[in-house]
Amino acid sequence: MKIHLQVFVETENLGKAVNALTDAGITGFYILEYRGISPQDWKGFTINEDPKSAIGLIKDYSTEAVLISSIVDEKKVDAIVELLREALKDERYTVLEVPIRRIIVNYAYQEKPEKKPKAWIIENEVPCFYCGEKAIQRIQIDRKTAKVWCTNCGAARYYLLKGEKPEG
Ligand SMILES: [Zn+2]
């Protein structure tokens, strides 16, 4: 079974927690920044219901924190949590292990339009097949065709390229 491992830490401990999780072998994670109030701090409060004072109170009493979430194999959870406890032993944190019933991922791969490869142009100074002058012969190679033309007289030849792509 897969487990949704949720680690709540204060923002300043984000690096420490992520490093411990990485050392423990998690392969990916996501992060949510949030403001939270712990049960100890919240005890005894009753929130005034008008929005302004509700928001004001949350701002004044909540602390900035981060939720690091990762999907891990159930078999690995204990080892991960052990490393995390060691790394964060002097810090405040909360870990939730939530069993996952099913994971559905839609990658939605989209076909990218094929980029037209640039033609190669090669120059070679040799006697022209048409005018016989020793002049630069320009060779333009596309994916399937090659054109050779003489820079002296302009005569051109065309070739169709066939065959396998060479290794490398
Ligand atoms: Zn020529």
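This is a predicted model: local features need pLDDT of at least 70, side-chain atom pairs count only at pLDDT 80 or more; totals for chains, interfaces and linings use all residues.
## Strands and their pairing

Two strands count as paired when DSSP finds at least two bridges between them. Five bridges join strand S7 (residues 145-150) to S8, and the two run antiparallel.

Let us start with the overall division and then take each part in turn. The protein is divided into domain 1, covering 2-100, and domain 2, covering 120-160. Taken over C-alpha atoms, the centres of domain 1 and domain 2 are separated by 68 Å.

Four strands form an open sheet in the order S2-S3-S1-S4, with antiparallel pairing. Strand S2 (30-36) and strand S4 (93-100) stand at the edges with a single partner strand each, so one side of each has no neighbour in the sheet. From one strand to the next, the twist averages 25°.

Eight bridges join S1 to S4, which run antiparallel. Within S4, leucine 96 is the bridge partner of glutamine 6. Helix H1 packs on this sheet, where H1 touches S1 and S3, and the direction of H1 makes about 10° with that of S3.

Which residues of H1 are buried? They are Ala17, Ala20 and Leu21. Seen down the axis of H1, these buried residues fall within an arc of 100°, so they line one face of the helix. The buried residues of H1 pack against S1, S3 and H4, while Gly15 and Asn19, on the other side of H1, are exposed. After H1 comes glycine 25, which has a positive phi, near 100°.

In soluble globular proteins, nonpolar side chains tend to be buried together. Here the largest nonpolar core has 12 residues in all, including Leu5, Val7, Ala17, Leu21, Ala65, Ile68 and Leu84. At least two residues of this core come from each of strand S1 (2-10), helix H1 (14-23), strand S3 (63-73) and helix H4 (74-87). Alanine 65 is one of the core residues; leaving aside its neighbours within four places in sequence, alanine 65 is in contact with Phe8, Val9, Glu10, Thr11, Tyr34 and Gly36.

S5 pairs with strand S6 (residues 134-141) in the antiparallel sense over eight bridges, and proline 127 stands opposite lysine 134 in S6. With six residues between them, S5 and S6 form a hairpin, and glycine 132 in the turn has a positive phi of about 80°. How many of the eight residues of S5 are buried? The count is zero, and S5 is hardly covered.

## Arginine 157

Arginine 157 lies in strand S8. Is arginine 157 buried or partly exposed? Arginine 157 counts as partly exposed because it has 13 C-beta neighbours inside 10 Å, whereas a buried residue would need 20 or more.

Not counting residues up to four places away in sequence, arginine 157 touches Phe129 and Val148. Threonine 27 is 130 residues apart from arginine 157 along the chain, and the C-alpha atoms of the two are separated by 56 Å.

Technical notes:
Residues are numbered from 1 along each chain as its sequence is written. Domain bounds come from an automatic or database domain assignment. A nonpolar core is a set of buried Ala, Val, Leu, Ile, Met, Phe, Trp, Tyr and Cys residues joined through C-beta atoms within 7 Å. Two residues are in contact if their C-beta atoms, placed from the backbone, lie within 7 Å. The arc is that of the directions from the helix axis to the C-beta atoms. Axes are lines fitted to C-alpha atoms, for helices over the stretch in contact, and angles run from 0 to 180 degrees between N-to-C directions.
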